[in-house]
Amino acid sequence: VGGRAVTRSSLLVHSAKIAILAAVLVRAQTRGAIVSVLVACFVALWMAGRNRPIVRVLGVPGFLVAAVFAWDLSRSQIVEYALRGQTEQGLTTLNGRIPLWEIAFDLLSEGSKWLTGFGYGSSRVLLFERVSWAGTAHNSWVEMLMGVGLIGTAIAIVACLAIGKRLWERATAYGSRIEILPFTLFIYLMVNSFASEFLALPGFGFSALAILLVPACTW
């Protein structure tokens, strides 16, 4: 999204980085990350078109047409890739995530912990006792509910909305790639947060959101 204006790399090195990233992204078969990247790229194209209409006129329709052609030409391969050897029922239940979230809600109800939660990282113990493959809630917001309850989750939502609003205002005010980049990263984090717990636990997502506080607070 930022391009060479951000990386400061030569054209060859920059192209190599994109190729490696694309290969790793596809081969890793992390569906949440792939969907998040596609949504973030679409948002970046749309926002870049505010100051450069040609980007919106050509880039956005081109993005959508490419998606339609890819689906039309490789529908069976895309479905097979998305299933990852599982059944269609497993995919429609978000790889078992919906039943997992239902268990988390049941635990909150049984323990009367909706307001305050069970404590930070508690899903690693409580959910693991019920579902051996889980370990976490596989959703940042359900993870927060289990850890800090409705009160903490509400504060987190307000904080994320405030960060997103400031990054949006900054991106629309300046319109440069460097300013659009933080908002695009924010969109990636928000989309992926519904399939991963990475905003609620230490790691890339939490760290990236903390980094985004810098441009958000300096606006």
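Gly 117 lies in the loop that links helix 7 (97–110) to helix 8 (123–130). The model is a predicted one. Gly 117 has a relative accessibility of 7%. Buried means under 20%, so Gly 117 counts as buried. In sequence, 31 residues separate Gly 117 from Val 148. In space, their C-alpha atoms are 4.5 Å apart. With neighbours within four places in sequence set aside, Gly 117 is in contact with Leu 145, Met 146, Gly 147, Val 148 and Gly 149.

Two packed helices are described by the angle between their axes and the distance between the axes. Helix 9 (residues 140–174) packs with helix 11 (residues 204–217) at about 50 degrees. Their axes are 9 Å apart. The two helices are therefore oblique to each other. Their crossing is left-handed. Helix 9 brings Cys 160, Ile 163, Arg 166, Leu 167 and Arg 170 to the contact. Helix 11 brings Leu 209, Leu 212, Leu 213, Pro 215 and Ala 216. By class, eight of the contact residues are nonpolar, two are charged and none is polar.

The largest nonpolar core holds 27 residues. Phe 183, Phe 186, Leu 189, Met 190, Leu 199 and Leu 209 have the most contacts inside this core. Helix 3 (31–48), helix 9, helix 10 (177–192) and helix 11 each give two or more residues to it. Beyond its neighbours within four places in sequence, Leu 199 is in contact with Ser 140, Trp 141, Met 144, Leu 189, Met 190, Ser 193, Gly 205, Phe 206 and Leu 209. A second core is separate and has 10 residues, including Ala 104, Leu 127, Val 131 and Val 142.

Terms used. Residues numbered from 1 in each chain as written. Predicted model: local features only at pLDDT ≥ 70, side-chain atom pairs only at ≥ 80, totals over all residues. Heavy atoms only, no water. Axes fitted to C-alpha atoms, helices over the stretch in contact; angles between N-to-C directions. Helix = DSSP H or I, 4+ residues; strand = E, 2+ residues; numbered from the N terminus. Parallel < 35°, antiparallel > 145°, perpendicular 65-115°, else oblique. Left-handed = near helix turned anticlockwise from the far one by under 90°. Contact = heavy atoms within 4.5 Å. Nonpolar A, V, L, I, M, F, W, Y, C, P; charged D, E, K, R; others polar. Core = buried A, V, L, I, M, F, W, Y, C linked by side-chain atoms within 4.5 Å. Buried < 20%, exposed > 50% of the residue type's maximum accessible area, 1.4 Å probe, protein only.
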